[in-house]
Amino acid sequence: MIRPDGAPGVGPAFVAADSEAVWVYGGGALTRIDPESNEIVSSVEITASGPIAAALGSVWVADSQNNQVLQVAPEAAVGSAPSVVRTIAVGGR
């Protein structure tokens, strides 16, 4: 079992996977896990409320508190961190 950095006893809120990674969002961080080695590869702090999905080369994080969806691009190069590339406004809930 992998425990992303965070408060003891606080588990991940949301999990998604694609062909490259397992993504975990919780405690204000989106963490990328290598499914072959079961190791944390990288993490980025984001403020959102979840849930998440991994598709089309990005990770998508819902932020219902701010009525938006965050598009997070995986690492551009090995060892670099994922980053939010855009926010998409959505109307209401």
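## A first pair of residues

V22 sits across from I33, a residue of strand β3. A strand here is a DSSP run of E with at least two residues, numbered from the N terminus, and two strands pair if DSSP finds at least two bridges between them.

This is a predicted model, in which local features need pLDDT of at least 70 and side-chain atom pairs count only at pLDDT 80 or more, while totals for chains, interfaces and linings use all residues. Residues are numbered from 1 along each chain as its sequence is written, and side-chain values use heavy atoms, with hydrogens and water left out.

## The sheet from β1 to β4

As background, the strands of a sheet are paired by backbone hydrogen bonds, in either a parallel or an antiparallel way. Here, four strands make an open sheet with the order β1-β2-β3-β4 and antiparallel pairing. Its edges are β1 and β4, each of which pairs on one side only. On average, and with direction ignored, neighbouring strands of this sheet are turned by 20° against each other; such angles, from 0 to 180 degrees between N-to-C directions, are taken between axes, which are lines fitted to C-alpha atoms.

Take a closer look at β2, which spans residues 22-26 and has four of its five residues buried (buried means under 20% relative accessible area, exposed over 50%, and partly exposed in between, using a 1.4 Å probe and protein chains only). On one side, β2 is joined by four antiparallel bridges to β1, residues 14-17. Within that pairing, F14 has Y25 of β2 as its bridge partner, and a hairpin of four residues links β1 to β2. Strand β2 also runs antiparallel to β3, residues 29-34, with five bridges between them. The hairpin formed by β2 and β3 has two residues between the strands, and G27 in its turn shows a positive phi of about 65°.

## The sheet from β5 to β8

A further open sheet has four strands in the order β5-β6-β7-β8, again with antiparallel pairing. Its edge strands, β5 (52-55) and β8 (83-89), each pair on one side only. From one strand to the next, the twist averages 25°.

Four bridges connect β5 to β6 in the antiparallel sense, and A54 finds its bridge partner in V59 of β6. These two strands form a hairpin with two residues between them, where L56 in the turn has a positive phi of about 55°.

## Two asparagines in loops

Which loop holds N38? N38 lies between β3 and β4 (39-45). Although N38 is not a glycine, its phi is positive, near 65°. With a relative accessibility of 42%, N38 counts as partly exposed.

N67 belongs to another loop, the one between β6 (58-63) and β7 (68-73). Its phi is also positive, at about 50°, in a residue that is not a glycine. How accessible is N67? Its relative accessible area is 29%, so N67 is partly exposed.
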